[in-house]
Amino acid sequence: MANPFEIESLVVRLSTPFYVFLIGLEIVLTNWRSRPAYTVRDTVTNFLFMLFNGGIDLAFRATYLAVLLWFYESGPGMAGAISQAWLYWLMLFLAEDLIFYFLHYFDHKSRLFWAVHVTHHSSEHFNLTTGFRSSVFQPLYRFIYFIPLVFLGFHPADIVLMYSVTQIYGIIVHTELVGKLGWLENILVTPSHHRVHHASNVEYLDKNMGMCLIIWDKLFGTFQEELPEVELKYGLTTPLEEEGITHTIFHEWKSIRQDLNRPLPLSVKLKYIFFPPGWSHEGTGKTVRELREKLGKETSRNL
């Protein structure tokens, strides 16, 4: 069997011209329709974040693979006992897509991880290069979510390969050019679903967390269809005060540090780290749940 890392390298080489073609096509079509989706500054930022993320992943890869291999060798190896290759890879795809759902869910629901993931949502544009606007420091903890997979017998190299392959799909759904896709909307995370995920409208916050399959969102109650009456607005609920690279990456960490420097009990400080973004012991901030409750009350009063 071919080395998974060699296959991963081949996937990267083959996908690069594919991305270049699609991005070029999107630039032409959006400008032809007089709805340009790109700016030079935003596009450069997207690619820089991709390079930062990739560099950290490569630098840290030997370490997290060593950890995953230890769990792989210590586990029952049930997945490794699957004799049919197609079934092994199908099971790995489904299991890893589910794991990604939970990774993504906690990136949104805990401020500590949101401080990393917020970079991916910081752009006010939505195009194919937005898919490259990576959560820069995610490789430092993403492997922890893969431990159950290796413990069950999926080889770490296969998991890394599957992640690289599914990332291709996760990138190409970042577009406004593709409308709804009929019956596929019931199975896959489509561009329509992912536009909802990136929107900062209260109705859409923390929805559609899946990478490839939308079934997890429907199963766990985080699904939201794109609504024709709600105009999509991308970016953060509170726009960034600065557009610089450093501020974009570290602004939430700075905000956390400010909260931790306040004279508060340790239990409250821990909540500022681990509770959802927007939580405040004073009630001055608003979590997604609180924003949604407020919207519901305003909607009821207007009926």
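Reader: What should I keep in mind about numbering, confidence and atoms before I read any values?

Author: Residues are numbered from 1 along each chain as its sequence is written, and side-chain values use heavy atoms, with hydrogens and water left out. Since this is a predicted model, local features need pLDDT of at least 70 and side-chain atom pairs count only at pLDDT 80 or more, while totals for chains, interfaces and linings use all residues.

Reader: How is a pocket defined, and how much space lies in the largest pocket?

Author: On a 1 Å grid over the protein atoms alone, a pocket is an open set of points with protein on both sides within 12 Å along at least five of seven lines, a cavity is a set of points where a 1.4 Å probe fits but cannot get out, and lining residues have an atom within 4 Å of a point. Grid points are joined across faces, edges and corners, and a volume is the space filled by probe spheres set on the points. In this structure, the largest pocket holds about 1,200 Å³ of space, and of the 44 residues that line it, Met50, Asn53, Ser134, Gln167 and Ile171 lie nearest its centre.

Reader: Which elements supply the lining of the largest pocket, and how does that lining divide by class?

Author: Helices (H or I, at least four residues) and strands (E, at least two) are DSSP runs, numbered from the N terminus. At least two lining residues each come from α1 (4–32), α2 (40–74), α3, α4, α5 (142–151) and α6, with α2 giving the most, nine residues. For the classes, Ala, Val, Leu, Ile, Met, Phe, Trp, Tyr, Cys and Pro count as nonpolar, Asp, Glu, Lys and Arg as charged, and the others, Gly among them, as polar; the lining of the largest pocket then has 22 nonpolar, 17 polar and five charged residues.

Reader: What are the volume and the lining of the second largest pocket?

Author: The second largest pocket holds about 940 Å³ and is lined by 38 residues, of which Trp114, Thr237, Thr238, Glu252 and Gly278 lie nearest its centre. Two or more lining residues come from each of α4, α7, α9 and α11 (288–302), and α9 gives the largest share, seven residues. By class, this lining has 12 nonpolar, 17 polar and nine charged residues.

Reader: How many cavities of 30 Å³ or more does the structure hold, and which residues line the largest cavity?

Author: There is one cavity of 30 Å³ or more, and the largest cavity contains about 40 Å³ of space. Its lining consists of Glu96, Asp97, Phe100, Tyr163, Thr166 and Met211, with α3 and α6 (156–172) as the elements that give two or more residues. The largest share, three residues, comes from α3, and the lining divides into three nonpolar, one polar and two charged residues.

Reader: Are Glu252 and Arg111 buried or exposed?

Author: Buried means under 20% relative accessible area, exposed over 50%, and partly exposed in between (1.4 Å probe, protein chains only). Glu252 counts as buried because its relative accessibility is 12%, and Arg111 counts as buried because its value is 6%.

Reader: Where do Arg195 and Glu226 lie in the chain?

Author: Arg195 forms a salt bridge with Glu226, the closest N and O atoms being 3.1 Å apart, and this pair joins helix α7, which holds Arg195, to the loop between α8 and α9, which holds Glu226, 31 residues apart. Arg195 is buried at 5% relative accessible area, and Glu226 is buried at 16%.

Reader: What makes up a nonpolar patch, and which residues form one here?

Author: Patches are made of residues with over 30% relative accessible area and no salt bridge, like charges being joined within 9 Å and nonpolar side chains (Val, Leu, Ile, Met, Phe, Trp, Tyr) within 5 Å. Accessible areas come from the Shrake-Rupley method with a 1.4 Å probe, and for residues only the protein chains shown count as cover. Here Trp86, Leu90, Met91 and Leu94 form a nonpolar surface patch with about 390 Å² of accessible area together. Met91 lies in helix α3 (residues 85–109) and counts as partly exposed because its relative accessibility is 38%.

Definitions and conventions:
A salt bridge is a side-chain nitrogen of Lys or Arg within 4 Å of a carboxyl oxygen of Asp or Glu.
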